[in-house]
Amino acid sequence: MTVRVGILGGGNISGTHALAASAIPGVEVVAVHGVNAEKAAALADRFGAAAHAEREEFLRHRPMELVLVGSPSGRHGEDAAAAAREGLHVLVEKPLEISVERVDALLDTCDRAGVRLGVFYQGRTAPEVEWVKRLIADGRLGRPFLAAAQVRWFRPPEYYADSRWRGTWALDGGGALMNQGIHTVDLLLWLLGEVRVVSALSAAALHSIEVEDTLVATLEFASGALATLETTTAAFPGYSRRVEISGTEGTVLLENDRVLRADLRSGPAAPPRADADGSPSASSPVVSDVRGHRRVIEDFLHALRTGTEPLCGGSEGRRSVAVVEALYRSARSGAPVHLGA
């Protein structure tokens, strides 16, 4: 059965959404809407879809069952809720929204409308990350007690200067943490469980923006594990994301969702070296990112067919926003923040 997908947004990430969706057998991109009508029309033409100048007109396009939302972060909730009220399932680019209050409102809207909600956290679907998840679940790493995550990226000044929404509280919801680091926050939550207490310091170290381009944090998990997190868009020339986790039975090191080392007391361990679809791992970050988005869409469609929970459902998307929100509160106050307090 063909699934018809609409693309809400005309920027780079919407191009990724369209590429990922169109690569799935039985999925067709049928409609596009974006605030930038020229970009949206170009994207629609590229995929043989209908371009709609107005959002309401786009949401009434039929047949269409699923909308992929790639608008600015601060409009995710509004756009996704509008789709839900039209009876459309919604898969949203991260973050799900820029505050827990807005996430909760979106969750309620989708629940009332009887539609499914998901979020793009494609790192969860990377084969070698899934292998680490199983390693921890099976007890081969022992009890995790320490993690260190580094997101030392670089964005040139024009990345912010040429955008009307990046680097703003209103539409970006924050800076390096909310926009770039939230993927890593989600990964730590997925691998290590709930966070209990956080502390953070932040700064605009390089860019002239109203939010942070650099943040360092400590996280205490409900399990007792401790973690450090560094995230920046000011580290020239930019480096690969790293996540290192130590347990009582060994240590594993991830770089760009690939396992660099897995040193276990029980002996050598090797993760799979191919993507979940059996194809070789992509050397290009762009291709790899499209494959990750494709896997999220495939998982979401499987959940729709079977009535199961998607890997990256709306409630899961709430968890990372709650941690980010707590980290920002700590950075402003200079004091630790207890989640749920």
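**Note on selected local features of the predicted model**

1. Asp 257 is placed in the loop between E12 and E13, where helices (H or I, at least four residues) and strands (E, at least two) are DSSP runs numbered from the N terminus. Although Asp 257 is not a glycine, its phi is positive, at about 65 degrees. Asn 256 also has a positive phi, near 50 degrees, and is likewise not a glycine. This residue lies in the loop between strand E12 (250-255) and strand E13 (258-264). Asn 256 is partly exposed, with a relative accessible area of 44%; buried means under 20%, exposed over 50%, and partly exposed in between (1.4 Å probe, protein chains only).

2. Residues are numbered from 1 along each chain as its sequence is written, and side-chain values use heavy atoms, with hydrogens and water left out.

3. Two peptide bonds deserve attention. Most residues other than glycine have a negative phi, and most peptide bonds are trans. The bond from Arg 62 to Pro 63 is cis, with omega near 0 degrees, and Pro 63 belongs to the loop between helix H3 (55-59) and strand E4 (66-69). The bond from Phe 236 to Pro 237 is cis, with omega near 0 degrees; Pro 237 is in the loop between strand E10 (226-232) and strand E11 (242-247).

4. The structure holds three aromatic pairs. Rings of Phe, Tyr and Trp (its six-membered ring) pair if their centres lie within 6.5 Å; planes under 30 degrees apart count as stacked, over 60 as edge-to-face and the rest as tilted. One of the pairs joins Tyr 159 and Tyr 160 edge-to-face, at 4.9 Å centre to centre and 90 degrees between the planes. Tyr 159 is buried at 17% relative accessible area, and Tyr 160 is buried at 6%.

5. Trp 169 and Tyr 328 form an edge-to-face pair, because their ring centres are 5.2 Å apart and their planes stand at 80 degrees. This pair links distant parts of the chain, 159 residues apart: Trp 169 is in the loop between helix H7 (157-161) and helix H8 (176-192), and Tyr 328 is in helix H10 (residues 314-333). Trp 169 is partly exposed at 36%, whereas Tyr 328 is buried at 5%.

6. Charged side chains also meet rings. A charge sits over a ring if NZ of Lys or CZ of Arg is within 6 Å of the ring centre and within 35 degrees of the ring normal. The charged end of Lys 133 sits over the ring of Trp 190, 4.9 Å from its centre. The charged end of Arg 155 sits over the ring of Tyr 159, 5.3 Å from its centre.

7. How do H8 and H10 pack? Their axes are 9 Å apart, at an angle of about 120 degrees; axes are lines fitted to C-alpha atoms, for helices over the stretch in contact, and angles run from 0 to 180 degrees between N-to-C directions. The two helices are therefore oblique to each other, since angles under 35 degrees count as roughly parallel, over 145 as roughly antiparallel, 65 to 115 as roughly perpendicular and the rest as oblique. Residues in contact (heavy atoms within 4.5 Å) include Leu 177 and Ile 182 of H8, and Val 324 and Tyr 328 of H10.

Definitions and conventions: Predicted model: local features only at pLDDT ≥ 70, side-chain atom pairs only at ≥ 80, totals over all residues.
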